[in-house]
Amino acid sequence: MTGTGRADGGEAILAACRSLGVDVIFSSPGSEWAPVWEALARQARDGAAGPRYLDLMHETLAVAMATGYGLVTGRPQLVLLHAGPGLLQGACGIHGALLAGVGMVVCSAESLTYGEGLAAGDGAVDPGSQWYRNLSMVGGPQAFAAPWTKWSSQVGDVGTLYGSVVRAAELAARGPAGPVYLNVPVEVLLAPWDPARADVRPVAAAGRRVSADDEVERAARRLLAAERPVLVTESVGRAPDGFAALVELAELLAIPVVEPQSAVCANFPRTSPLHRGGEAGPLVREADLVVLACCRAPWYPPSSRPAGAEVLVIDDVPQRPVMAYQVLGADQYLEGDVGPTLRALTAKAKALGVDEQRVAARRAQLAAPAPAPARRGARPPPPGPAAGPAPPARDWKRPRSRRRCASCSTRAPRSSTRRSPTAV
């Protein structure tokens, strides 16, 4: 609240939080956020609805908690950090949220006037000399936040602050979800704000997207025609209804499901006979159709796409802009919200008619438990008694002496040759 009793930028930020349904403000703050603290105090005094505030000891902790909360709720939360240094302290966590596809709005501040605005008269704001001496960043903090956020910008005036926070959160939530950054200068936070001019209202939920019916039909026909399909997924389970929708499709057509080492969540019941572990290689090599459902990096090296199989990609954002290089090798993309898209694909397959005999044969074959993956570096089992007598047991209490060089009494150096792990 300004000295005249009018609302300021702190109230604009809280109003945006209420419109967005933000539950928690995670903060490891600096002094620039005093207007937000005062707005929170008035919220508590008046018993008004609004976000909780968590004052945390480190920027990494604030970002990590916002990441976990966003993963569970699917809704971006607000993170308040201090100037450029605090933003850099949180950079590793913010980049992790970018790779994990977790939306959040990260804010910090700078000064635009460095005290020179005092010449404007009584209404001028003095940000403090520390912003001039130590906290200025060439190009602004939004410049160095850009490479490790989905979107990065600066708020130029208190009149656009409410709308900027709302837009930032909407950008963060839409695919590919990720952290966005707003530089909110001190002068903007302290300036008078008129809520009547901001069109404060609840923010509408994002619309749902499903591929066109003809595209869904093409994909369903591929599935129905496949003799040896396999489905690989990293993150279907994070999408609303994704887990259940994948189970329905896989059960309908008896499609084996693989969760590779890059999987980030539970995507399919591991107790199901259709779950074939975490190694896709053997199944993919034999497959005539590979379905990549929310799978960013199915082949390694990227050029090792199976030559004898078609590839159907089901994803809300198949090409991830945060990846410097990505190869999917798709024959068809089915894009849209994953849960509704999988449901539409299942319904279309039922409508076209499932070959029950083919599915029953595949289900019977998959009823056998998946072979346990061989442990890297493990010795192969001996072939049996013909392998010869076992070597004598070593006495571990008695140290083994090292061999001596034949030409002198010094010990020979250890061999520098290392055996290949595959030869062990």
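Tutor: Gladly! This is a predicted model, and of the 424 residues in the protein chain, 42% count as buried. The chain has 14 helices and 11 strands.

Student: What makes a residue such as Tyr162 buried or exposed?
Tutor: Buried means under 20% relative accessible area, and exposed means over 50%. Tyr162 is buried, and Trp193 is too, so each falls under the 20% cut-off.

Student: Why is the aromatic pair of Tyr162 and Trp193 called stacked?
Tutor: Two steps! Ring centres must lie within 6.5 Å to pair, and planes under 30 degrees apart count as stacked. Here the centres are 6.5 Å apart and the planes make 25 degrees, so the pair is stacked. By this rule there are two aromatic pairs.

Student: Why does the pair of Tyr162 and Trp193 tie together parts that are apart in sequence?
Tutor: Tyr162 sits in helix H8 (residues 161–173), while Trp193 is in the loop between helix H9 (186–190) and helix H10 (213–225), so the parts joined are 31 residues apart in sequence.

Student: Which helix packs with H8?
Tutor: Helix H1 (residues 9–20) does, at an angle of about 35 degrees and with the axes 8 Å apart. Among the residues making this contact are Ala12, Ile13 and Ala16 of H1 and Tyr162, Val165 and Ala169 of H8.

Student: How do you know how many residues of the contact of H1 with H8 are nonpolar, polar or charged?
Tutor: Ala, Val, Leu, Ile and Tyr are among those that count as nonpolar, whereas Gly counts as polar. Sorted this way, the contact has 10 nonpolar residues, two polar and no charged.

Key: Residues numbered from 1 in each chain as written. Predicted model: local features only at pLDDT ≥ 70, side-chain atom pairs only at ≥ 80, totals over all residues. Heavy atoms only, no water. Helix = DSSP H or I, 4+ residues; strand = E, 2+ residues; numbered from the N terminus. Buried < 20%, exposed > 50% of the residue type's maximum accessible area, 1.4 Å probe, protein only. Phe/Tyr/Trp six-rings, centres within 6.5 Å; stacked < 30°, edge-to-face > 60°. Axes fitted to C-alpha atoms, helices over the stretch in contact; angles between N-to-C directions. Contact = heavy atoms within 4.5 Å.
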